[in-house]
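The entries follow in the order in which I made them.

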Amino acid sequence: MAPRANWKGFLRLSLVTCPVALYPATSDSEKISFNQINRTTGHRIKYLKVDAETGDEVPADEIMKGYKVDTDSYIEVTRDELDNIALESTRTIEIDQFVPRAEIDDLYLVRPYYLVPDGKVGHDAYAVIRETIRSMDKVALARVVLTNREHVIALEARDKGLVGMLLRYPYEVRDAGDYFDDIQDVKITKDMLDLAKHIVEQKSGHFQPDLFEDHYESALTELINTKMAGQPVKPQARPRGDNVVDLMDALRRSLGDSGKSAPAAKKSASSGAAKKLAPAKPARAKTRKTAPGQKEMLLPIAGNGAAKAKEEPAKARKPARSTAGSKARKAG
């Protein structure tokens with residue numbers, strides 16, 4: 001089932017208009033999340049809006065928006081004043097310009113959305129706009145208001161629909177020079193570059209996101225299942241890095257560790273040395289030992305099912321998903 005639309009309005013190219021809806025193309029809801037719990041009572045923590053000085057809770061109808069001028073001074077901005085300066089893009093995505101996709105710096109990309117026709121009408125106009133963008137091999141720059149702020153959105157054709165990518169404004173992108181100017185200029189020898197290229201060639205492949213594995217999420221699922229089954233949690237060792245003294249030697253040993261042969265002139269690395277600098281295997285996230293009284297705290301939270309959990313080990317609410325690595329092993 002598709003999620004609720006973040007925005008509904010009209011997509012317009014000059015005099016061609018159609019009703020559309022904007023949906024988030026990505027989601028974090030599948031990730032494991034936690035609630036904050038009162039250790040003594042086992043109840044969830046509730047957040048209140050309180051006066052910073054008096055500590056008293058403030059009702060919603062007494063809360064206003066204010067822009068900070070100095071330490072103790074604010075300028076009130078009302079809802080009506082904000083509505084008065086709202087632009088037409090509050091209900092219309094107006095296409096202003098078409099540009100080559102390659103000209104959009106990735107630093108300006110924020111998040112993707114799916115833009116689809118809203119309702120049974122307007123499919124013809126939608127198709128005209130979509131195919132125009134597709135045939136010109138460009139993206140359409142437009143404006144849209146989300147959460148009371150106007151954003152620039154880049155629209156491009158994707159399959160039967162349109163994908164809109166929110167873009168940052170120039171003032172939101174930091175100058176790379178502030179971070180890169182202090183990086184030292186290092187002279188790289190041809191031998192080093194050849195070895196590094198050989199490593200890249202051995203590790204080259206194709207972009208297959210289905211093979212991505214969230215190791216931390218898998219470790220969280222395993223931790224929760226272990227605790228729900230009443231089993232002890234064993235701390236995991238953290239991976240340790242090795243100090244690299246000779247960069248050339250490290251490159252040679254990296255090739256040896258990968259099980260691939262180095263170029264003819266680079267086969268002098270010994271197998272023993274290769275093992276010494278072999279990269280450590282990824283370790284699961286380190287878990288803390290169970291705190292005193294923690295198990296007793298968890299049982300009442302589980303409700304009436306706590307007694308049953310003792311007889312039959314429970315599973316975490318979120319079932320442990322099959323990892324990409326296990327899929328690959330099964331396929332082999």
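**Entry 1: salt bridges**

I began with Lys190, which counts as exposed at 61% relative accessibility; in these notes buried means under 20% relative accessible area, exposed over 50%, and partly exposed in between, with a 1.4 Å probe and protein chains only. Before going on I noted that this is a predicted model, in which local features need pLDDT of at least 70 and side-chain atom pairs count only at pLDDT 80 or more, while totals for chains, interfaces and linings use all residues. I also noted that residues are numbered from 1 along each chain as its sequence is written, and that side-chain values use heavy atoms, with hydrogens and water left out.

Lys190 forms a salt bridge with Asp194, and I found 2.8 Å between the closest N and O atoms; a salt bridge here is a side-chain nitrogen of Lys or Arg within 4 Å of a carboxyl oxygen of Asp or Glu. Asp194 is partly exposed, at a relative accessible area of 27%. Both residues lie in helix α4 (residues 190-203), four residues apart, about one turn of the helix. Helices (H or I, at least four residues) and strands (E, at least two) are DSSP runs, numbered from the N terminus.

Arg134 is partly exposed at 35% relative accessible area, and Glu131 is partly exposed at 33%.

For Arg101 and Asp106 I recorded a salt bridge with 4.0 Å between the closest N and O atoms. Arg101 is partly exposed, with a relative accessible area of 31%, whereas Asp106 is exposed at 55%. The structure holds nine salt bridges.

Which residues does Arg130 touch, not counting residues up to four places away in sequence? I listed Ala157, Asp159, Lys160, Gly161 and Leu162, taking contact to mean heavy atoms within 4.5 Å. Arg130 is placed in helix α2 and counts as buried, at 15% relative accessibility.

Asp159, one of the residues touched by Arg130, lies in the loop between β8 (149-158) and β9 (161-167). Asp159 is exposed, with a relative accessible area of 64%, and its phi is positive, near 55 degrees, in a residue other than glycine. Asp137, in the loop between α2 and β7 (139-146), also has a positive phi, of about 55 degrees, although it is not a glycine. Asp137 counts as exposed at 66% relative accessibility. I set both entries beside the general rule that most residues other than glycine have a negative phi.

**Entry 2: helix α5**

Helix α5 (residues 215-228) has 14 residues and reaches 20 Å from its first C-alpha to its last, close to the 20 Å expected at 1.5 Å a residue; the expected span is 1.5 Å times one less than the number of residues. At the start of α5, I found a side-chain oxygen of Asp214 within 3.3 Å of the backbone nitrogen of Tyr216. The buried residues of α5 are Glu217, Ser218, Ala219, Leu220, Thr221, Asn225 and Thr226. Just after this helix, Gly230 takes a positive phi of about 75 degrees.

**Entry 3: the whole chain**

Of the 332 residues of the chain, 22% count as buried. Among contacts between residues at least 6 apart in sequence, 66% join residues at least 24 apart. The accessible surface of the chain comes to about 25800 Å², of which 52% belongs to carbon and sulfur atoms; accessible areas come from the Shrake-Rupley method with a 1.4 Å probe, and for residues only the protein chains shown count as cover.

Notes. A polar contact is a pair of N or O atoms within 3.5 Å; within protein, one must be able to donate a hydrogen and the other to accept it, and residues adjacent in sequence count only if both atoms are side-chain atoms.
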